[in-house]
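Subject: The structure, and what turned up in it

Hello,

Here is the structure for you to open alongside this note. Please have a look at it first, and then read on for what was found.

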Amino acid sequence: MPGWDEYRYQKIRQDHLQQVVALHEQCLPGYYLTQLGSSFLGAMYAWYLESPEAIAHVAVAEDGCLVGFVAGTINDATYRESLFRKTWSPMLLALGRRLVSKPALTLRLVAERKDLAWQAVSTILGRGPGEEPEAKPGSDGEPSTASLVSMGVKPSARRSGVGTSLSELFVAEARKRGCERVTLSVRADNVRARRFYESIHWEEVTRSSKTYHGSVSITYQKDLSDEQKSETASMREEFLPPLAPCLGDEEYNEVLDTLKSGWITMGPKTRRFEELFAEYVRSSHAIAVSSCTAGLHLALVAGEIGPGDEVITSPLTFCSTANVVVHRGATPILADVRPDTFNISPDEITKKITPRTKAVIPVHLAGQPCEMDEISAIAEEHGLLVIEDAAHATGAKYKDRIVGTISDVTVFSFYATKNLTTGEGGMITTEDAELAEKMRILRLHGISSDAWKRYSDRGSWYYEVLFPGYKYNMTDIQASLGIHQLAKQEKFLEDKQRYAKMYTDAFRDLPEIAPPAVKNHVRHAWHLYIIRLDLEHLTTNRSQFIEALRKENIGTSVHFIPLHLHPYYKKRFGFSKGDFPVAEAIYDGIVSLPLYPRMSERDVEDVIRAVRKVVADSRR
Ligand SMILES: Cc1ncc(COP(=O)(O)O)c(C=O)c1O
């Protein structure tokens, strides 16, 4: 008699594959789902090794079983070896992360192989071997699965248990795909599972004449069309904010180290952060400042922009882009945006140039770079300084060049919710040594020598005031965050790219929603995911749409109220409604959906479900 593991694995493998294929055919064009357990996933993995396409279909539906899969799979010597060589397929890693992101997570580890299973689980969680949490006695009576291990993650507030979170996941996925029903199969002798599905009103539709794993299979179905109509309660338990920072132990420890070091203002860590940032964007100079706003202001001061001068920028931006122009006594001139990317239109810039124009501030809205070739050509022709407002664009690329060296000056924001955060902060990059030196001095009172140069063992007490400068420096506490946030940028971007793709794919069939238009020649930094509502096809306006999403516990925001519609700008510069029709039309329909690396794929799915529900409820 073979051991349990071998038996399950080898015997079930072929049966399950047939089951998958049969059920798939049976349930199409609806959505096929099944919950067959760990050995099923082990079998699927085996199948995957020979046929990469095959697993992709199952990936979404089955992820709740992944840890079970690990338990099942590692008992096979070949797969165990490949697992521990960390030859994880990207798909399996994605599955692992999705599972970990669930609000309720219970791991089932095969008793005899608990140590190995835990090692594999730790690998998925990215924690290294780690310590195994205390096991709770198993309750489902399955003979060889002796331990249920709680990960200490908050239990689902709605209903408890893996079955619940799986079924919720199934339903969410099916809704996302616009399916009318969800079907799943359980073994007839799995009384616990059957009771569960019956308790949540799944209907028993077929009892398979074929057996699998020695038991009759029962298929349950949930009719989503009825349920969707009757559902009124919000789909999420907790509010999902539109933006949030993603900080980890590396940042906490570095801040602590700084606090303990005794040097907490601008010093060696700020210098280090500047060097690392310059390396990241491949710029010759990087100057850390207290905010992007401060950086934009310094760039204008160093560029000697002042009273009588005009600076062209976008109406679809945050107020600080233009406020700093006003602080210089210069005049902000707005040029309308492109209807596709929402970024400033080079043609509109050209129309706004006068003999007084001295600078252009293109704003890379949401993290998508502006048409910099065209803008640079216009600037060169008219002798204009170009200062990129890259507040959203850390990590963005324009034609394979990372944003930071394209124009005279580039300014980044490290505000709490930006791609890279230092709480508050910013960075100026430039290739111009003279401008760099001037901005470096201006950021700290305009004095010739910063405190680190004066008070450290290498320093001298003497300094001179060269300009009436500002107090715009970064501190080493902020830089402590920045150093580690920078190291995580590419990973953050990878996560956001994946989430953005999930949104875009999920909304493809909704004519009421236009996802962001991303140009082929850019790498979008995905600070924001801005959808545009087609209000003609909806019975709600944008504010009602946002309110409906808030009732679903999904937070959103609007980027931005066009500058020329703010009272100060109207009054001071005589702007009025109708001046920038493209920006205004865009503004009426835009909503920024949650997008940040701290979100889980489950969160993204919640947003998708909520958006689809709100659209369905307000479709004209
Ligand atoms: C486009 C744009 N520019 C500038 C800023 C100002 O950044 P900071 O808060 O770092 O001064 C922001 C902030 O949100 C922004 O969105």
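Two strands are said to pair if DSSP finds at least two bridges between them. Strands here are DSSP runs of E with at least two residues, helices are runs of H or I with at least four, and both are numbered from the N terminus. Please keep in mind that this is a predicted model: local features need pLDDT of at least 70, side-chain atom pairs count only at pLDDT 80 or more, and totals for chains, interfaces and linings use all residues. Residues are numbered from 1 along each chain as its sequence is written, and side-chain values use heavy atoms, with hydrogens and water left out.

**Strand S15 and its partners**

Strand S12 (residues 385-390) runs parallel to S15, and four bridges join the two. Within this pairing, Ile387 has Val409 of S15 as its bridge partner. S15 is also joined to strand S16 (residues 426-430), this time antiparallel and by five bridges. There the partner of Val409 is Thr430.

How many of the five residues of S15 are buried? Five of the five in this strand (residues 409-413) are, so S15 is largely enclosed by the rest of the structure. Buried here means under 20% relative accessible area, exposed means over 50%, and partly exposed is in between (1.4 Å probe, protein chains only). In a regular strand the side chains alternate between the two faces of the sheet. In S15 both faces are covered, with Val409, Val411 and Ser413 buried on one side and Thr410 and Phe412 on the other.

Ser407 sits in the loop between strand S14 (401-402) and S15. With a relative accessibility of 11%, Ser407 counts as buried. Its side chain makes a polar contact of 2.5 Å with that of Glu388. A polar contact is a pair of N or O atoms within 3.5 Å; within protein, one must be able to donate a hydrogen and the other to accept it, and residues adjacent in sequence count only if both atoms are side-chain atoms.

**Around the ligand**

Which residues come nearest to the ligand? Of the 16 residues around the ligand (a heavy atom within 4 Å), these are Thr293, Asp389, His392, Ser413 and Lys418. A polar side-chain atom of Asp389 is 2.7 Å from a ligand nitrogen atom. For Lys418, a side-chain N or O atom lies 2.7 Å from an oxygen atom of the ligand. Cys292 takes part through its backbone, with an N or O atom 2.9 Å from a ligand oxygen. The ligand taken alone exposes 390 Å², of which the protein buries 92% (Shrake-Rupley areas, 1.4 Å probe). Helix H13 (292-302) and helix H14 (319-327) are the elements that give two or more residues to this shell.

H14 has these buried residues: Ser320, Thr321, Ala322, Val324, Val325 and Val326. After H14 comes Gly329, with a positive phi near 80°.

Two bridges hold the pairing of S17 with S19, where Ile513 stands opposite Leu533. Strand S19 (residues 529-533) and S20 pair over four bridges, and here Arg532 stands opposite Ile590.

Best wishes
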